[in-house]
Every structure is written in C-alpha cells, then in structure tokens.
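Welcome, and thanks for opening your viewer. Keep the selection panel at hand, and we will go from stop to stop together.

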Amino acid sequence: MEGKAPEEGSAPAASPFKTSSPSRSPSKSGKSSRKDGEKKKEKSSKKSGKSSKSRSSSRHHGSSSALHSHNRHLAVNTIDIFHEVTLLFGTVSEYCTADTCPIMCAGENYQYWWADGMKIKTPIKLPAHDYITHLSVWISKLLNSEKIFPLSHGVAYPTDFEQYIKVMMKRLFRVFAHIYHSHSKEIVALELEQELNTSFMRFMDFVEKYKLVKPVEFMPLETLIKNLKALRNQAAPASASASGVAKDS
C-alpha cells in the first residue's frame, strides 16, 4: 500500500502495518513508498506511451502501405491503358490529318483544346492528330518521371498522384471518343471493332470503379456506353447458361 506523507507541522500517523525495521519512522516510510509509487507510475506511463506509439505507428504503416498498393494499382492500369490507346490510334492515325480532322473533337458538339499547364498554359485549338501527339508526349514524360511514377522500391507516390491519373484518364477518354466519332469507318474496314470495344469497356470499368472521370465527360459516347453495357449484360447470362449445360453433359 502506498504510504502518505504527513502534512507539515502535524504528528506522524501510525503505520497500519508491522515492519521489520522499527527504527524507520513512518514519515520516511511514507516518502519512500510515495517515490516507489511514482517510479512505478512513471514506468507504467512510459510503457503505455511506447505501446500507444507502437499501435499508432502500426496503424500509420498499414494505412501507408494500403495507399501505396492502391496507387501502384492505378499506375499499372494507367500504363496499360495508355499503351492500348496508343496502339488503337496508331491503326487509324494515317487517316487522321489536318484536312480530315482539323480540330480535336467528338462529333460536332464536343471540341477539345490543348493545354499542358507548362509550355502551353492557355488552351489552343489543334488538329486532332496534333492534340493526340501532344497528349502522348505529355503522358510519356509523366510516366518517365521518378517523382510522379516512382520505380525505386520504397519511394512513395506524390500526395497528388491520383489527380494526375484523373487528368490522364479524362484526356485518354477523348481519344476513344474521337476514334468512335471520326474513324469508325476505318475501324470497321480494318475489322478492329471488337478490339476497340473491348479496350474501351476495360477503360470504362477502371475509371468508373475508382471514379477517375466525371460522368459528364462521358456524354459524347453516352449512347454507345449504354449499348455496350447492355450487350455485355446479355452475354453474361448466356455464357453462364452454356457453362451449366456443359457441366450437365
């Protein structure tokens, strides 16, 4: 039991316990006991503090690790999508000239002007091919930047990493929209409809899942998106049914 030091000027209180050292006054015993108690409290407080810091550090590490994994997932998919869009546009690029496509657009109602925020800060009109070339160069520079897309182990992504991804996805959607609106005949002639639709729906699944592009941006292809989703939903039950029949047989 922790002793209590007597108030100054008062007589020492009798100890309720027998001690093996009768020469030790209750007053001294009280001070010693109080010091022991304070030391125990201090040790306990330090242990508690260390434990709290450890738990806090563990939570922070877990959160940081999850964020890093999330950003890495975004990065990997962004690189794949960029390569797919580049290949798809490459198949029709020879038909996309300053004469056939004098401005980057997705039909008559949607035009896209270029600005990269660095060399070109004020948006300018460009032929579609030039716009897409500028976009490709801009994205390539970002992908090759160690500060934005770190490849070294243990290097963290920047705090605004997702914002970069959002801008990239918004602009890559415009390439899809331009291909569908201005080069669908070439795509059909080259028999690349399936490849284009598959790549586009993979893109849509990705950006919608992580809310990387605002829905208003999809308006140039709104009807196409609905139709492709409907076709996929119709195909899913048919595929499941065919799979069931195969199992029964």
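Which helix supplies the largest share of the lining of the second largest pocket? Select α3: 4 residues of that lining come from this helix, the largest share. Helices here are DSSP runs of H or I with at least four residues, numbered from the N terminus.

Before going on, a word on the model: this is a predicted structure, in which local features need pLDDT of at least 70 and side-chain atom pairs count only at pLDDT 80 or more, while totals for chains, interfaces and linings use all residues. Residues are numbered from 1 along each chain as its sequence is written, and side-chain values use heavy atoms, with hydrogens and water left out.

**Stop one: the pocket**

Stay with the second largest pocket, which holds about 240 Å³ of space. A pocket is an open set of points on a 1 Å grid over the protein atoms alone where a 1.4 Å probe fits, with protein on both sides within 12 Å along at least five of seven lines; lining residues have an atom within 4 Å of a point. The volume is the space filled by probe spheres set on the points, which are joined across faces, edges and corners. Now show K166, K211, L212, V213 and K214: of the 13 lining residues, these are the closest to the pocket centre. Both α3 and α5 supply at least two residues of the lining.

**Stop two: the core**

Next, select M169, L172, F200, F203 and V207, the residues with the most contacts inside the largest nonpolar core, which has 53 residues. Such a core is a set of buried Ala, Val, Leu, Ile, Met, Phe, Trp, Tyr and Cys residues joined through side-chain atoms within 4.5 Å. Buried means under 20% relative accessible area, exposed over 50%, and partly exposed in between (1.4 Å probe, protein chains only). Colour α1 (26-92), α2 (128-143), α3 (161-182), α5 (193-209) and α6 (222-248) to see the elements that give two or more residues to this core. Its largest share, 11 residues, comes from α3.

Centre on L172. Leaving aside neighbours within four places in sequence, L172 is in contact (heavy atoms within 4.5 Å) with I81, F82, V85, L135, I139 and F203.

**Stop three: salt bridges**

Here a salt bridge is a side-chain nitrogen of Lys or Arg within 4 Å of a carboxyl oxygen of Asp or Glu, and the structure holds 3 of them.

- Select E84 and R202, whose closest N and O atoms are 2.6 Å apart. E84 lies in α1 and R202 in α5, so this pair ties together parts that are 118 residues apart in sequence. E84 is partly exposed at 25% relative accessibility, and R202 is partly exposed at 42%.
- Move to D205 and R232, which meet at 2.8 Å, N to O. D205 is in α5 and R232 in α6, so the bridge ties together parts 27 residues apart in sequence.
- Finish with K229 and E208, at 3.0 Å, N to O. This pair links K229 in α6 with E208 in α5, 21 residues apart.

**Last stop: cysteines**

How many disulfides does a search of the whole structure find? The count is 0, with a disulfide taken as a pair of cysteine sulfur atoms within 2.5 Å. Select C101: the nearest cysteine sulfur, that of C96, is 3.8 Å away. C101 counts as buried, at 5% relative accessibility. Then pick C105, where the nearest cysteine sulfur is that of C101, 6.8 Å away. C105 also counts as buried, at 15% relative accessibility.
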